[in-house]
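Let's take a friendly walk through this model together. Have your viewer open and follow along from one residue to the next.

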Amino acid sequence: MLEKASGPAALVEIEQKGNVTVRAIRGWGRLPERFIRLGQELRRDSGFDLLAADRALLWEWISLADTGDGKLAAAREGLVELLGFMERGDYLDWQPIATVVEAETGSPLRQGGKRWIHGQPSLDDPAAVHPAENSEAVTLFAGEMMPEWLPYQADGGKFEGFATIGNGLMSIKVEAGHSWGRTGIRSESAMVEYPRGRQEAIRLTALFEPQATSDAIISLVPSSAKTDDEWRYHHVRVGMHLDKDEGPTTLTLWIARKTVMTREISGPLERFDLLLRPDDVVLVTDGKGKTLLQGVLPEEDTPPEGYRLYALTGSTSVRRGKPLRMALRSIQRVQEPFTAQFAPDSLPDGNQQITLFEQGVLGHLWVPTAGRGSVFATNASLDDGELMVDVPAGGHWGKVGIYSPGALVWLDRFSSGGEAAVTFEFDSARTTGFVVALSPLYNLVGNDPSRPHLWAQWHANEDGSAGRSMLFIKPDFPKTAWEGETSAAAPDSVTLRISPEGVLVEGLGAPQERFPWQVAMPNMGFRVYVFSHAEKAGSPVRMVLRRIQLDRQMGVEPPTPETAEKVEPLEVTPLFAGQLGELWEPYAVRGASFEEHGRFANSRLVAEVPEGKHSWRKVGIVSKTPVFEFNERILRTSYAVRLKCDPAGTSGVQAVFRSSKSADMEKGADVLASFVRHDTGRHAGRYVLSLSGENAIYRNWQRTVDATWVEQHWDGELEILFGNGWVETGIAGGPRVRGTELRTGKGWSYHMSVTTLPATPLGTARLTLANITGQWIAPDGMTAGERWQLVDDEDFDAGAFLDELAGELPGE
């Protein structure tokens with residue numbers, strides 16, 4: 001039977017690109033449990049990372065097992081079974097077709113257990129169905145002074161006299177008394193391009209003679225930087241150092257002169273790899289793929305011209321002036337496939353499954369956190385592909401774990417049938433207490449989840465007799481929403497489910513019922529917490545977290561709200577019509593000038609701010625008096641403010657709402673909404689939609705959308721909805737962001753400013769604003785009598801209201 005792959009769509013796309021790994025299959029929930037267990041056993045017993053494997057690597061491992069590799073021999077049968085599973089494409093959905101003609105070029109096809117891509121030949125060797133997924137390794141240095149390399153010396157280093165190169169080895173011996181003694185080689189030009197935004201990662205592999213090495217450094221420096229100060233200009237730097245004269249040896253990752261992570265190792269390594277991922281994650285691994293160090297590049301641009309490569313020895317501050325040795329054999333560079341997941345803030349067009357944490361990698365999503373009495377670096381590690389926490393007695397409540405500073409869980413299409421579920425997987429045998437929690441608000445590292453929150457807790461009793469689970473839902477339940485006794489063994493997993501019917505917690509022994517949570521509203525975003533928690537203050541506690549997964553199920557498309565038959569919609573109030581009028585006046589802040597950067601043309605505000613020396617220059621308009629005031633109507637429905645821009649003339653727009661007018665409206669803002677395109681940095685090629693309140697870091701939310709989508713679909717309107725205690729902003733058909741605990745509700749009135757918004761502090765900005773309108777949102781099924789209760793006071797007709805109300809009363 002001839003078959004064509006029909007889904008899941010995102011996994012089919014990865015298949016077409018030839019980038020399928022075991023991790024990608026698991027990320028879409030298509031990896032059978034037996035292979036998950038196989039990966040855990042390989043990682044525990046041999047240190048091999050099965051999730052990173054593709055078919056080519058599986059073939060290699062099976063070959064090694066056949067030639068007597070004891071670490072792989074025991075897993076050979078499982079590896080062969082997994083290879084067959086991948087070769088057959090059993091992780092995809094398939095539909096029968098009569099002939100190849102029915103398949104589009106580029107479609108994955110299958111027949112007789114063999115796969116190929118339509119338009120490419122079907123090969124007998126299943127491992128060759130796709131082009132090689134790893135590029136061939138390029139040897140950058142092989143122990144010879146090739147023309148691409150130049151000597152490097154700085155801070156007491158001296159190449160001539162300290163370094164010898166030949167016979168496949170660069171040997172450097174720095175005598176005592178030479179300060180930092182930095183001596184080695186550097187590439188004459190760029191050797192490494194940063195892979196941000198690409199489909200492959202870059203791996204640099206350095207091989208050493210460990211017996212002849214005390215201190216070794218591999219460093220990446222932008223090729224436009226000065227060549228004589230590697231330390232000052234590096235972006236990424238890995239150092240292996242003898243910490244004291246007699247040991248121990250430490251391995252350290254620096255990013256832009258800041259120490260990101262240091263760990264003690266048993267001695268100088270024969271090999272370490274520096275992996276640069278397209279998502280800005282930087283990993284240092286050993287020869288088995290075990291992650292030793294990790295960090296994240298800052299959001300600034302990576303150098304388009306690439307990096308020069310430095311290989312040198314150099315001292316640490318505690319051994320400055322001491323003898324140094326390095327013996328480097330080779331450096332290789334290889335490109336390897338990288339499969340990007342859906343971003344957690346992406347706007348889904350269907351159900352999604354996203355791995356939020358796996359293999360112990362924090363990336364951009366997570367930061368370490370530790371409460372009073374604990375220290376993450378002391379009480380936690382990210383070794384062996386997991387987060388392991390061990391807080392001894394005396395560590396207060398032992399709250400150590402990770403926290404997402406940005407919202408990871410978004411309630412899109414949050415209607416009937418919709419649900420967002422976050423699953424936390426633990427090693428139950430090594431876990432004695434934990435908390436998993438969600439909160440819409442940002443918090444400082446080390447603090448408990450902000451209220452409102454959903455807090456699920458489990459701990460074992462100290463005597464080992466039993467365990468206890470507790471569920472806190474604030475502010476809906478003053479005390480615990482539920483608590484009960486459990487077995488003494490920790491659960492393997494806990495799932496927090498949010499739907500329009502409420503929240504459900506699975507895995508803690510709680511009843512299978514939904515609890516109300518008032519902040520579970522459409523388009524709300526939630527931060528995620530997981531940390532250890534002892535039974536009593538001062539008791540020891542352990543926690544091992546393996547994985548966090550997000551499953552998003554889209555609800556049915558809700559119908560457009562309609563009023564009752566023959567009931568007119570509520571009036572639209574013009575707030576700005578392209579001219580100043582009596583309500584508005586020109587506005588410019590932080591070094592910008594309206595006379596220089598703003599004007600009115602063709603009944604539109606046109607503002608253009610060039611690149612400058614002042615940070616966040618903004619130009620636009622500000623209201624002289626409040627633009628609207630909320631009365632009891634805000635308790636019944638919401639109020640929409642809509643800004644209509646010309647997309648072609650707008651790179652970014654910011655609307656600020658403040659209870660009083662000020663020279664800089666953003667300072668002390670009650671509500672701030674913005675939409676801006678980024679052309680540089682981590683969000684290059686995307687628009688960022690943001691909402692914040694009270695000019696505070698605690699109440700802020702943002703999500704991104706591809707600029708190509710915006711250019712094809714955005715009509716220029718940015719909507720801000722005000723509710724009773726919440727605000728929402730978004731664009732039609734695109735992302736929306738809702739925030740809670742904001743200054744809005746009965747009695748609030750706002751001055752308003754609308755300005756340009758640069759994506760970077762000194763960047764350019766353009767805004768073409770046509771109009772601003774305001775409108776109360778008609779509740780679904782609004783009757784004529786209800787309509788009279790939502791009109792402006794000056795438009796209210798008491799007689800007509802009573803007549804309509806009487807007509808709506810049921811007859812006898």
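R703 sits over the face of W410, 4.6 Å from the ring centre; a charge counts as over a ring if NZ of Lys or CZ of Arg is within 6 Å of the ring centre and within 35 degrees of the ring normal. R738 is placed likewise over the face of W726, with 3.7 Å to the ring centre.

Before going on, a word on the source: this is a predicted model, where local features need pLDDT of at least 70 and side-chain atom pairs count only at pLDDT 80 or more, while totals for chains, interfaces and linings use all residues. Residues are numbered from 1 along each chain as its sequence is written, and side-chain values use heavy atoms, with hydrogens and water left out.

Now to the rings that meet other rings. Rings of Phe, Tyr and Trp (its six-membered ring) pair if their centres lie within 6.5 Å; planes under 30 degrees apart count as stacked, over 60 as edge-to-face and the rest as tilted. By this rule there are 35 aromatic pairs. One of them is edge-to-face because the rings of F628 and Y750 have planes at 65°, with their centres 5.7 Å apart. This pair links distant parts of the chain, 122 residues apart: F628 belongs to strand β40 (residues 628-629) and Y750 to strand β49. Strands here are DSSP runs of E with at least two residues, helices are runs of H or I with at least four, and both are numbered from the N terminus.

Are these two partners buried or exposed? Buried means under 20% relative accessible area, exposed over 50%, and partly exposed in between (1.4 Å probe, protein chains only). F628 has 8% relative accessibility, so F628 counts as buried, and Y750 is buried too, at 0%. Both also belong to a cluster linked by ring pairs, made up of F628, F630, Y639, F657, F722, W748, Y750 and W776.

Contact here means heavy atoms within 4.5 Å. R658 lies in strand β42 (residues 652-658). What is the nearest side chain of opposite charge to this buried arginine? It is D670, 6.2 Å away, and R658 has no salt bridge, a term for a side-chain nitrogen of Lys or Arg within 4 Å of a carboxyl oxygen of Asp or Glu. A polar atom of the R658 side chain does lie 3.5 Å from the backbone oxygen of G668.

Next comes L757, in the loop between β49 (749-756) and β50 (765-776). With 7% relative accessibility, L757 is counted as buried. Its contacts beyond four places in sequence are K618, G652, V653, Q654, S674, V676 and A765. L757 and V609 are 148 residues apart in sequence, yet their C-alpha atoms are 9.0 Å apart.

Finally, look at some backbone details. A cis peptide bond with omega of about -10° joins G7 and P8, and P8 is in the loop between β1 (2-7) and α1 (9-17). Another cis bond joins K474 and P475, with omega of about 10°; P475 lies in the loop between β29 (467-474) and β30 (480-486). Q359, which is not a glycine, has a positive phi near 60° and is found in the loop between β20 (352-358) and β21 (367-370). N523 has a positive phi of about 70°, again without being a glycine, and is in the loop between β32 (502-506) and β33 (525-532).

Key: Lys, Arg positive; Asp, Glu negative; His and termini not counted. Polar contact = N/O pair within 3.5 Å; in protein donor to acceptor, adjacent residues only side chain to side chain.
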